[in-house]
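Please look through the sequence and the structure shown here before reading on.

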Amino acid sequence: MAMSNSAMSKAPLFPPATAPTPRLRSCMERLWWRLIQPAPASLLYVTVSLLWLLGEDLLAWANDIRQPAILDLLRVALAIAVSGGLLYWLLRTHADAIARARFAQRQVEDRLRQSLEAMEAQAAERAAERLESQQALELLNAARLQVETALGDSEERFRQLAEHIREVFWVWGVTEQRLLYISPVYEDLWGRPAQHLLERPLDWIDAVHPDDRPRIYAAHFDKSASGMDEEYRIIRPDGTVRWIWDRGFPMHDEYGHVHRVVGLAEDITTRKLAEDQLRRQQTELAKTSRLSLAVELASNLAHDLNQPLAAIVAYTQACLGLLRQDKADPRELTGTLEEVVNQGLRAGSIIRHLRELVQKNPTASQSTLDLNTLIHRVIHYAQLELRQASVTLKLELMDQLPAVLADDLQIQLVVLYLARNAIEAMHESNDGPRLLTLRTTLQDKNTALVTVQDTGPGLSKEAACRLFQPFFSTKPGGMGLGLSVSRSIVESQGGKLWATPHADRGISFHFTLPLYINPFHPSFSPPHA
Amino acid sequence: MNDAPTVFLIDDDQAVRDAVGLLLRTDGLAVETFTSAASFLESGAAERAGCLVLDVRMPGMSGLDLQQQLRARGHRTPVIFMTGHGDVPMAIRAMKGGAFDFIEKPFQGKTLLERIHAALKLDTCERHRRTQRADAAARMAQLSPREREVLERIALGRYNKTIAAELGISVSTVEIHRKRVMEKLQAESLSDLIRTLALANDAE
């Protein structure tokens with residue numbers, strides 16, 4: 001806007017030329033137009049023409065009559081007519097010339113004006129252009145200044161960034177085979193002077209923990225090709241260990257060759273420690289929950305065991321009572337004592353179960369395992385609950401299911417937990433059939449699949465999302481650890497645990513376990529063959 | 001109906017039922033056994049004198065559930081719980097629910113018998129007191145409203161004169177009411193009268 005305003009307010013560059021008016025032409029014009037052009041001129045013209053046409057005849061006639069006075073008069077008149085005609089012609093010719101000249105002059109003037117105007121327009125245009133280019137230049141200057149400032153800023157910012165961020169910023173020259181730049185944080189983090197890197201470019205690797213060093217050496221030599229993304233420990237001179245997350249990105253020159261690798265090395269010690277702690281807590285939690293599952297199992301066993309013991313004690317004391325009262329009928333005593341023996345045997349078989357459960361797996365170790373047998377054994381413990389909740393059990397176990405490789409006790413706990421969970425879910429629902437289905441099958445040739453399906457009320461969407469979160473429970477007294485622990489158990493055995501809700505009723509829990517592959521078995525084929 | 005106090009033994013485990021039943025019978029107790037809480041409720045035995053010996057964990061209705069049901073129905077039969085493996089919250093729940101005792105399997109026969117005898121004694125006393133209360137309440141029901149007013153004031157230890165003034169009747173009328181009350185409640189003394197009133201109030 002400012003530019004157009006200034007353009008318009010500017011005076012024309014060249015002042016307009018004034019037309020010249022010669023005095024003579026003005027007089028002649030005036031003479032012609034005022035004196036000769038009007039009617040007397042026409043009259044004179046006719047008279048002269050007549051005189052011209054009749055002159056000879058009149059002269060002849062004058063000669064004939066021999067009147068010298070008239071002849072002279074005629075001669076004078078003729079002379080006047082001739083001179084008048086001449087004068088008229090002259091004037092006329094001159095007036096035409098003046099008119100033509102005037103026309104031409106006008107034309108010239110017009111053309112001059114036009115060209116002047118054109119010139120003026122052109123000049124204005126050029127002025128505008130000049131202004132424009134001037135402004136553009138100014139803008140360009142401003143922009144350049146800005147760019148320069150920005151560049152300065154960005155350099156400054158880069159410098160600030162590189163020198164103040166927690167991360168060590170480094171640039172490795174591939175052809176130079178040395179560090180071209182490393183931010184000063186390096187010295188703080190590594191506790192080694194950056195100066196050393198000038199003498200020995202790989203000085204930083206010396207600080208890497210011996211366990212991580214070979215890997216980092218390899219990563220360092222590979223980084224110009226594929227970049228790097230490594231986590232490793234460094235030992236600082238004071239002996240403290242820091243975790244470093246080091247990433248490098250290859251940079252290509254105009255020919256497409258990697259000429260530099262730029263990277264960031266970050267101190268992730270805090271995060272690592274937090275992760276470690278979390279993992280430890282999770283392990284601890286899983287252990288505790290596994291323990292609580294085992295305690296529950298033991299409680300069941302204790303109940304089972306106390307039944308025959310109570311019977312034995314009661315039978316024996318009844319016998320003693322009868323004997324003391326001398327009312328003992330030997331036949332009755334025989335029957336009672338036989339019952340005592342039976343109950344003793346019953347207790348023994350329960351103990352055997354317990355021993356199977358505990359002694360077979362003194363430590364959590366993987367062994368070959370028949371899932372069908374395991375399920376039968378687990379169901380034995382759940383009998384009481386099944387009866388209490390009036391749940392019908394349906395077993396759909398695959399014949400000749402190959403053995404899996406897993407920890408016996410832990411998988412028993414998972415199956416027991418899932419079965420019990422299903423029973424509890426159905427116990428709460430008041431309507432519909434109560435059917436617990438346990439199914440074993442092969443998911444693929446290397447994986448066994450176990451499904452525990454109930455006909456309980458199922459799950460809300462919200463509950464389904466949070467199902468496996470620790471401490472989430474839909475049960476009033478539930479700790480909410482069972483499923484998350486079960487999942488961690490299954491995953492620790494190389495399997496997966498998940499749930500699929502049914503559209504109509506209930507929910508299915510599935511878990512997979514890897515099959516045991518006997519390398520000496522004829523049907524053995526490597527897993528990825 | 002058998003009026004002799006009976007031990008009602010409820011356990012889903014056949015061996016326990018058999019053995020404990022034998023033990024109790026050896027001691028001369030009348031024993032009836034049930035395989036589940038539901039079958040006990042159906043038999044109508046809850047009405048009868050005696051005590052319950054009950055396993056906590058049973059299929060269907062648990063021992064604790066049965067105890068609740070009995071309380072809800074107004075039965076006061078003492079309950080002794082047996083448990084194969086008891087925990088503290090379970091015992092607390094049982095005792096809060098009014099259990100007579102809570103014993104763990106396996107148990108000394110003597111212990112169980114002692115507890116059973118105590119429970120039976122309690123039940124007998126309770127039943128006797130309940131009968132007395134019902135009796136007193138029945139006798140109280142015979143009183144006219146005016147007689148009841150007079151009785152209430154006698155119980156508060158007022159003199160006949162005071163009662164007459166309060167009720168706006170003559171002293172001789174108070175004396176007549178008093179005599180009627182003594183007759184209707186079959187009381188021979190003032191203390192008899194007060195005891196009957198207290199029993200009747202308890203029954204309410």
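**Briefing on the predicted model**

In chain B, residues B:Arg146, B:Glu147, B:Val150, B:Leu151 and B:Ile154 of α6(B) meet B:Val174, B:His177, B:Arg178, B:Arg180 and B:Val181 of α8(B), where two residues are in contact if their C-beta atoms, placed from the backbone, lie within 7 Å. This is a predicted model, in which local features need pLDDT of at least 70 and side-chain atom pairs count only at pLDDT 80 or more, while totals for chains, interfaces and linings use all residues. Residues are numbered from 1 along each chain as its sequence is written, and chains are lettered from A and ligands numbered from 1 in the order in which they are written.

**Helix packing in chain B**

- Helix α6 (residues 145-155) of chain B packs against α8(B) at an angle of about 90 degrees, with the axes 9 Å apart, and this makes α6(B) roughly perpendicular to α8(B) (65 to 115 degrees; under 35 is roughly parallel, over 145 roughly antiparallel and the rest oblique).
- The residues of this contact of α6(B) with α8(B) divide into 5 nonpolar, 1 polar and 4 charged, with Ala, Val, Leu, Ile, Met, Phe, Trp, Tyr, Cys and Pro counted as nonpolar, Asp, Glu, Lys and Arg as charged, and the others, Gly among them, as polar.
- Helix α7 (residues 160-167) of chain B and helix α8 (residues 171-184) of chain B pack at about 105 degrees with their axes 8 Å apart, and α7(B) and α8(B) are therefore roughly perpendicular to each other.
- Helices (H or I, at least four residues) and strands (E, at least two) are DSSP runs, numbered from the N terminus; axes are lines fitted to C-alpha atoms, for helices over the stretch in contact, and angles run from 0 to 180 degrees between N-to-C directions.

**Sheets of chain A**

- An open sheet of 5 strands in chain A has the order β2-β1-β5-β4-β3 with antiparallel pairing, two strands being paired if DSSP finds at least two bridges between them.
- In this sheet, β2 (178-182) and β3 (228-235) of chain A stand at the edges with a single partner strand each, so one side of each has no neighbour in the sheet.
- Strand β4 (residues 241-252) and strand β5 (residues 258-267) of chain A pair in the antiparallel sense over 9 bridges, and A:Asp246 has A:Ala265 of β5(A) as its bridge partner.
- Helix α8 (residues 213-226) of chain A packs on the sheet and touches β3, β4 and β5 of chain A, its direction making about 145 degrees with that of β3(A).
- Another open sheet of 5 strands has the order β7-β9-β10-β12-β11 in chain A, with mixed pairing, and its edge strands are β7 (392-396) and β11 (497-501) of chain A.

**Cores**

- The largest nonpolar core has 47 residues, and those with the most contacts inside it are A:Ala314, B:Ala19, B:Val53, B:Ile80 and B:Ile116; a core is a set of buried Ala, Val, Leu, Ile, Met, Phe, Trp, Tyr and Cys residues joined through C-beta atoms within 7 Å, and a residue is buried if 20 or more other C-beta atoms lie within 10 Å of its own, exposed if 12 or fewer, and partly exposed in between.
- Helix α9 (residues 269-324) of chain A gives the most to this core, with 10 residues.

**Contact between the chains**

- In total, 19 residues of chain B are in contact with 22 residues of chain A, and helix α1 (residues 14-26) of chain B gives the most to the side of chain B that touches chain A, with 8 residues.
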